[in-house]
Amino acid sequence: MGSASPRDHLMKLLEPVVAAEGLDLEDVTVTQAGRRRLLRVVVDRDGGVSLDHVADVSQAVSAALDEDDAMGAAPYTLEVSSPGVDRPLTEPRHWRRAARRLVKAELRDGGVIEGRVLSADDTGVDLDVAGAARRLDYQDLARGRVQVEFRRIDDDVDGDEG
């Protein structure tokens, strides 16, 4: 494999496989789980990932791994999932997919800002912070996270039942 790490090799192998299924490869991790290894493949796409997407990409990834021998002869378990709500927002597509969600962002200058994502593009994100729109360039953001809400803004669309 040369100087590439096993993770890098897996990312390079699986990225086109996942893309062919219409998804983005977000992460690949291999961890020891007793005598077996656990290969976690995290995928996402605009609009979210359905169970059908997960099933389709699981089959495609499994076939690619069988052909490449990237995991070697030792047994392993393949787990394909979408990112959890606690995934850090590090790429423009992560911010775009968080549209209408409440986020907390750490700024590179040490500050923290919380607001609802209005929109995101390749250079930055627009947040609604206390009723006022605020533009933040990605270069000014250290990281962001979606905040868990028990009642999201789109819950009000169907009317109040409370």
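Q: What makes up the lining of the largest pocket in this predicted model, by class?
A: The lining has seven nonpolar, five polar and seven charged residues.

Q: What span does helix α2 reach, and what span is expected of it?
A: Helix α2 covers residues 51-68, which is 18 residues, and extends 26 Å from its first C-alpha to its last. The expected span is 1.5 Å times one less than the number of residues. For α2 that expectation is 26 Å, and the computed reach is close to it.

Q: Why are the buried residues of α2 said to line one face of the helix?
A: The buried residues are Val-54, Val-57, Ala-60, Val-61, Ala-64 and Leu-65. Viewed down the helix axis, they fall within an arc of 140 degrees, so they line one face of α2. In an α-helix there are 3.6 residues a turn, so residues three or four places apart point the same way.

Q: Which elements do the buried residues of α2 pack against, and which exposed residues lie on the face turned away?
A: The buried residues pack against α1 (6-20), β2 (36-44) and β3 (76-81). The face turned away from them carries Leu-51, Asp-52, Gln-59, Asp-66 and Glu-67. These five are called exposed because the term requires over 50% relative accessible area. Just after α2, Asp-69 adopts a positive phi of about 65 degrees.

Q: Why is Gly-22 called partly exposed, and where does this residue lie?
A: Buried means under 20% and exposed means over 50% relative accessible area, with partly exposed in between. Gly-22 has 49% relative accessibility and therefore counts as partly exposed. Its place is in the loop between α1 and β1 (24-33). Gly-22 and Asp-46 are 24 residues apart in sequence, and their C-alpha atoms are 9.7 Å apart in space.

Q: What describes the protein chain as a whole, in its elements, contacts and burial?
A: The chain has three helices and eight strands, in the order α-β-β-α-β-α-β-β-β-β-β from the N terminus. Among contacts with a separation of 6 or more, 50% join residues 24 or more positions apart. Buried residues make up 31% of the 162 residues. The C-alpha trace spans about 55 × 40 × 30 Å along its principal axes.

Conventions
Residues numbered from 1 in each chain as written. Predicted model: local features only at pLDDT ≥ 70, side-chain atom pairs only at ≥ 80, totals over all residues. Heavy atoms only, no water. Nonpolar A, V, L, I, M, F, W, Y, C, P; charged D, E, K, R; others polar. Helix = DSSP H or I, 4+ residues; strand = E, 2+ residues; numbered from the N terminus. Buried < 20%, exposed > 50% of the residue type's maximum accessible area, 1.4 Å probe, protein only. Arc of directions from axis to C-beta. Contact = heavy atoms within 4.5 Å.
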